Amino acid sequence: MRAEPQSFDRVLSSMCTTTVPAAREAALQFLESNPGDPATFPVIDDLEQEAINYLGEIAELTKPAGYITSGGTEANIQALRLAKKRYNHETLNNPNVIVPETGHFSFAKAADLLDIEVQWMPTDTDYTVDVSAVHENLNDDTIAIVGIAGSTEYGRVDPIPSLGAIAARHDVLFHVDAAWGGFALPFTDHAWSFADAPVDTMTIDPHKLGRAPIPAGGLLVRSDQMLTSLATETPYLETTSQVTLTGTRSGAGVAGTTAALRALWPDGYEQMITEQQATASWLADQLRARDFEVIAPQLPLVPVKMEEKIVEQLRDRGWRISQTNGGPVRIVCMPHVDRPQLREFLTDLDAIAADRTTTQA
Ligand SMILES: *Cc1c(COP(=O)(O)O)cnc(C)c1O
């Protein structure tokens, strides 16, 4: 087959990025291994355990349980599945889960699959969840509270300790979605980890800021015992039960994750995030200097309000940018996004503005 994958030159909207060479190499080596059948493929099983130990270290979970999922979506589905399994089905009427309105659409999918209602909570002026709304809406049928640590649209971190306290007081599962933010947060002052709050489950994706190849999401669970409640018997495999949602899984994703973590945790990630943060605040300044309304970036994601016409013209010039529900454009400063590239972007933005001034005159 002759096909050239797209370059990342003009991609400002993606939460995936270029992988590191070691991860790419490891992925190729394990293309044919199936971590879904660990008794038959013990080598990849060991690598997966190593990956989970690393993720535990990042998220400050001492005896980490979990596995490498197909992505954040699967991890979020599994977390809500765990929440539902904590109850005797006869005692649940109309189970609901509390999710900030900035929550990823994967929660809508999870709720649909599991027949759970989502109570979408409003956010405050700082784009994090309104904790008093969570208090008010929690009821006897609530089975879980979700907090977002690095929201997909705004890169903001919900008040994780406050949400955790509410969940603990009402004995409902507390899930933190750090799919994108998880690899950046250890190098910030945000409270988000298992050590910061009574977190039960967490989504943390190596195939986003972890620089691992797709597919590699991460599900962390507070204890092995809790994870085991997801087990299904698997009669025809050498391994006799599975906690995963999918059966056969990607050895490439698992091996690529372990290799990326060996190569980058912690110093490589710290350096990478420091650079990305600097790039994001530089970009925010550049945009403000051009009179755009920017929502101050806390993680390397710059939300900026832009007229539809400008967005269209940027797209015509090849820029891959995205908006959420008519909201701000979100420029995700992933490792492949650097200043030379952003200078080109700003030059195009200036040219578009100049054109409009001429047309309007
Ligand atoms: C990307 C993302 C997800 C979904 O992850 P996939 O790997 O695309 O399935 C979930 N939650 C958050 C916060 C995300 O940024």
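**Notebook: a loop threonine, a sheet and a helix pair**

I started with T102, which sits in the loop between β2 (96–100) and α4 (106–114). A note to myself before going on: this is a predicted model.

Is T102 buried or exposed? I looked up its relative accessibility and found 4%; the cut-off for buried is under 20%, so T102 counts as buried. Next I listed what T102 touches, leaving aside neighbours within four places in sequence: T123, Y127, I148, S151, E153 and Y154.

From the loop I moved on to the sheet. I found seven strands in an open sheet with mixed pairing, in the order β1-β7-β6-β5-β4-β2-β3. The edge strands are β1 (65–69) and β3 (117–121), each pairing on one side only. From one strand to the next I noted an average twist of 20°.

I then checked how β2 meets β3: they run parallel and are joined by five bridges. N96 has E117 of β3 opposite. Helix α4 lies across β2, β3, β4 (142–148) and β5 (173–177), and runs at about 155° to β3.

My last entry is on a helix pair. I looked at α2 (residues 42–58) and α8 (residues 251–264), whose axes come within 9 Å and cross at roughly 50°. That angle makes α2 oblique to α8, and the crossing is left-handed. Which residues make the contact? On α2 I read off I44, L47, E48, E50, A51, Y54, L55 and I58, and on α8 G251, V254, A255, T257, T258, L261 and R262. Sorted by class, the contact has nine nonpolar, three polar and three charged residues.

Note on methods:
Residues numbered from 1 in each chain as written. Predicted model: local features only at pLDDT ≥ 70, side-chain atom pairs only at ≥ 80, totals over all residues. Heavy atoms only, no water. Axes fitted to C-alpha atoms, helices over the stretch in contact; angles between N-to-C directions. Helix = DSSP H or I, 4+ residues; strand = E, 2+ residues; numbered from the N terminus. Parallel < 35°, antiparallel > 145°, perpendicular 65-115°, else oblique. Left-handed = near helix turned anticlockwise from the far one by under 90°. Contact = heavy atoms within 4.5 Å. Nonpolar A, V, L, I, M, F, W, Y, C, P; charged D, E, K, R; others polar. Buried < 20%, exposed > 50% of the residue type's maximum accessible area, 1.4 Å probe, protein only. Pairing = 2+ DSSP bridges.
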